[in-house]
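Student: Could you go through this structure with me, starting with the words I will need?

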Amino acid sequence: MNIYNSSQRITEIDALISKGFQKGYQMPFACLDDLYSVKLGATSYYCGHEYSGKSEFLFERDVWLSKNFGLTHCIFSPETGNVDDILCEIAHKWIGKPLIGPFKVDEKTKYKALQAISPYFHIVSVDKEVSLKQIFTMVDDYEKKMGININTLTIDPFNELQWDMNGLPRDMWLENTLGDIRRQARERNKHITIITHPIESDRLYHKDGYMLPPTRKQYAGGQAWARKGESMVAIWRPPHGQKDADGIPFEDNECHIIVQKSKPKGTGQLGLGVLYFDYKRSAYFEYVAGSKYYAGEYYESLEYKNIKGLEVKDNEPF
């Protein structure tokens, strides 16, 4: 801890100005290009109702970040399943084909997929309740043992962790906890993603009976999320058959990615991206100018390259 004035930080401020606002790592979908990016040293909060596709979007994001930028991930997601369940799901997304079930890939393809994801995905396994502090310690020990650096850490969901509130009111405890998560992200230069659920409230129900997307002040636990949040994203599956503002019915596989808060400055902006889920491939896709594109495909298209007037560079943030 320390206190500075501007004269003492001239060198650092000059470096900041010369770099300008730094956007994080690009998302795999054009509809999110301006809205959201993953910056190391920052946090994301994802919120949505059950079965809204929060974990699916996270895995899709992380597979893209590994394939294109070489990022490594540590994931705590006991609601998704055990370690093997999660790794099989990630491998499914990596190759676009299942490892389990009647349409599973052959043995050679299976082992190739599992070998491909091995350097990038590291799954937390616990046989009892675990605290956030213990997760950080596990990550530190694992990095030293494996000789690697983990770039992103995900807690999915927040309420699966063991918490000691030390007698504090819940809102004050949550403020302190989220503030500590933000500090840990900066000190460790990792992107920490917290997945959580909305409050239980009649205000989240439309008069016709379906669930509305939660606002950034309707995350379970109160407004501390909105005060401490950097990138805040609501993930919502609109009701099939209901009509949008233009009178167009929602599709049964439609998913809305709603950016509700965007910090640090330059990493994105408020807005809505629309994706669709392919259940066979376990993958999202989007439509751009009427054409269908899976993760990253639009950036390889002639249309995109012609618009940009240059080749897309690999392995660097934009």
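Tutor: Let us begin with accessibility: buried means under 20% relative accessible area, exposed over 50%, and partly exposed in between, with a 1.4 Å probe and protein chains only. This is a predicted model, in which local features need pLDDT of at least 70 and side-chain atom pairs count only at pLDDT 80 or more, while totals for chains, interfaces and linings use all residues. Residues are numbered from 1 along each chain as its sequence is written, and side-chain values use heavy atoms, with hydrogens and water left out.

Student: OK, so is Cys 47 buried or exposed?

Tutor: Cys 47 counts as buried, since its relative accessibility is 0%, whereas Cys 31 is partly exposed, with a relative accessible area of 23%.

Student: And how many disulfides are there?

Tutor: A disulfide is a pair of cysteine sulfur atoms within 2.5 Å, and a search of the whole structure finds zero of them.

Student: New topic: which classes of residue make up the lining of the largest pocket?

Tutor: The lining has seven nonpolar residues (Ala, Val, Leu, Ile, Met, Phe, Trp, Tyr, Cys and Pro count as such), eight charged ones (Asp, Glu, Lys and Arg) and eight polar ones (the others, Gly among them).
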